[in-house]
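Biologist: I have not looked at this one before. Can you put it up and take me through the inside?

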Amino acid sequence: MDLSLSTRTEGDRTVIAVGGEIDVYTAPKLREHLIDLVSGGSYHLIVDIEGVDFLDSTGLGVLVGGLKRVRHHEGSLQLVCTQDRILKIFRITGLTKVFPIYATVDEALAAND
Amino acid sequence: MSDRTLVLIEDDAGDALLVSEMLFDVDPDLHVTQFATLQSAIDSWPIEAECVLLDLGLPDAFGLSALEKLQAHVPDAPVVVLTGRLDDASGPAALAAGAQDFLVKGQVDAPGLERALRYAVERGRATTYQRELIAAEVRAEENSRLQRGLLPSPLIQTDELRFAPFYRPGRERALLGGDFYDVVQTDTGVHLLIGDVSGHSLDEAALGVALRIAWRSLVLAGLSQPDVLLGVEKVLLAERGDDERYASVATVSLDPDFSTARVALCGHPAPLLIKADSVVELVAEPTPALAIAPGISPQLTTVHLAGDWGLLLFTDGLIEGSVSPGAVDRLGATALARHVEALIGRSIPRHSLASNLLAEAERRHGGPLPDDVAVLTVGTCGWWG
């Protein structure tokens, strides 16, 4: 399965809706997209992974790399996800301690972190 | 046959025309690109040529030196040489030097020319396959060197515990990824490690070897379980070479009489504890995987192990397969625990527990699993049976 990406701007935030599978084969596409956004001056990212079916360790690595990149610019990377299957991966890997995770894009937009 | 190109390096316009006409007669689709000097041909490379027809009497290169110079620049193209005279020894010499064939000007007809070129192309392909085969063998050797580094012999003295390691690379590769495990005994007990470097290439495999050896060294040096992991994390941060790579790790330390286990989970699935016919996850407070949020000391969870028991340490490759072919839902640790219970119920030998679990995961997934799988099965002699 492929990875779909659609990006929009909401005030000072950039919302990236991701769909499909983020795995070793598709993760480079997401990585390049995040790098492009940060190079283009977007430092406050909301990555909406509600439409993601599968996330492997390479995909998690890309999100972690994205977080490091925006932090270099005092930016932020928020995640939107309610799927238990995906949230469990974040819990097991301890990433719930690293990423703020919200149930909806609106909640992420309303949050001040 | 179409869209094929032959490079003709020939300074004599008459000979060039003759060869082109002959080729047109037998194969009108063959496109001939002609150069009058060797240098102009080399300067024009890369050309998608099936074959090179090289005159050994060129103004800028003569005899075998023309062939050698061409091969130095274009090692992959099959070459057929053209010589001027029948008694010229340069034809056979060119064969010895790596040309696929030689033709004597004025002695060859159109079908003969076409056949010589066709054979040359086929032999050239065979040579390419041969080269690829050698490259694959070299990769396999590299792999086996890494495998020795990733999959060590347990460093233990006790005969009260039994071990069975298992490793299977993910689909589409004979390559190892970055899964690793280790077992070390010290005077404070027996220490178990399983881990997974994110990503799936030789780089990760090499990093996995480095982390395993770092862990082994720090355990042998007598550091506490949390401090060992902090040390391994420092090694990872120093060696990883990019910002994304991290490693999930689970360690279990058994006290000297194997009655308690202390579990640390750094972003890694919980090991399974098997006692009699029940299987439970050794859930511990998760710390982020190593190098994600550096410097967090992992919390230990203590588990009492009375009597006979088995432990199954595994990497997430084993539980990331689909629950059924094409399904979005993944197997997960809970279903894995049920599989283990079923296998224990059928008295499957302990040393083949892991391979049976993989077979079941692959059956449900509907084919080879995408990720590497490493499993370390450990148990008391009584449990092992």
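Biologist: Is B:C381 buried, partly exposed or exposed?

Modeller: B:C381 is partly exposed, with a relative accessible area of 30%. Buried means under 20% relative accessible area, exposed over 50%, and partly exposed in between, with a 1.4 Å probe and protein chains only. This is a predicted model: local features need pLDDT of at least 70 and side-chain atom pairs count only at pLDDT 80 or more, while totals for chains, interfaces and linings use all residues. Residues are numbered from 1 along each chain as its sequence is written, chains are lettered from A and ligands numbered from 1 in the order in which they are written, and side-chain values use heavy atoms, with hydrogens and water left out.

Biologist: And what about A:C81, buried or exposed?

Modeller: A:C81 counts as buried, because its relative accessibility is 5%.

Biologist: Which residues touch the most other members of the largest nonpolar core?

Modeller: They are A:F90, A:F99, B:L192, B:L254 and B:L311, in a core of 82 residues. A nonpolar core is a set of buried Ala, Val, Leu, Ile, Met, Phe, Trp, Tyr and Cys residues joined through side-chain atoms within 4.5 Å. Helix α6 (residues 202-220) of chain B gives this core its largest share, seven residues. Helices here are DSSP runs (H or I, at least four residues), as are strands (E, at least two), numbered from the N terminus.

Biologist: What is A:F90 in contact with, beyond its neighbours within four places in sequence?

Modeller: Its contacts (heavy atoms within 4.5 Å) include A:I49, A:L79, A:T96 and A:F99.

Biologist: New topic. How many cavities of 30 Å³ or more turn up?

Modeller: One, in a search of the whole structure. On a 1 Å grid over the protein atoms alone, a cavity is a set of points where a 1.4 Å probe fits but cannot get out, and a pocket is an open set with protein on both sides within 12 Å along at least five of seven lines; lining residues have an atom within 4 Å of a point. Grid points are joined across faces, edges and corners, and a volume is the space filled by probe spheres set on the points.

Biologist: What volume does the largest cavity have, and which helix gives the most to its lining?

Modeller: The volume is about 50 Å³, and helix α7 (residues 225-239) of chain B gives the most, with three residues.
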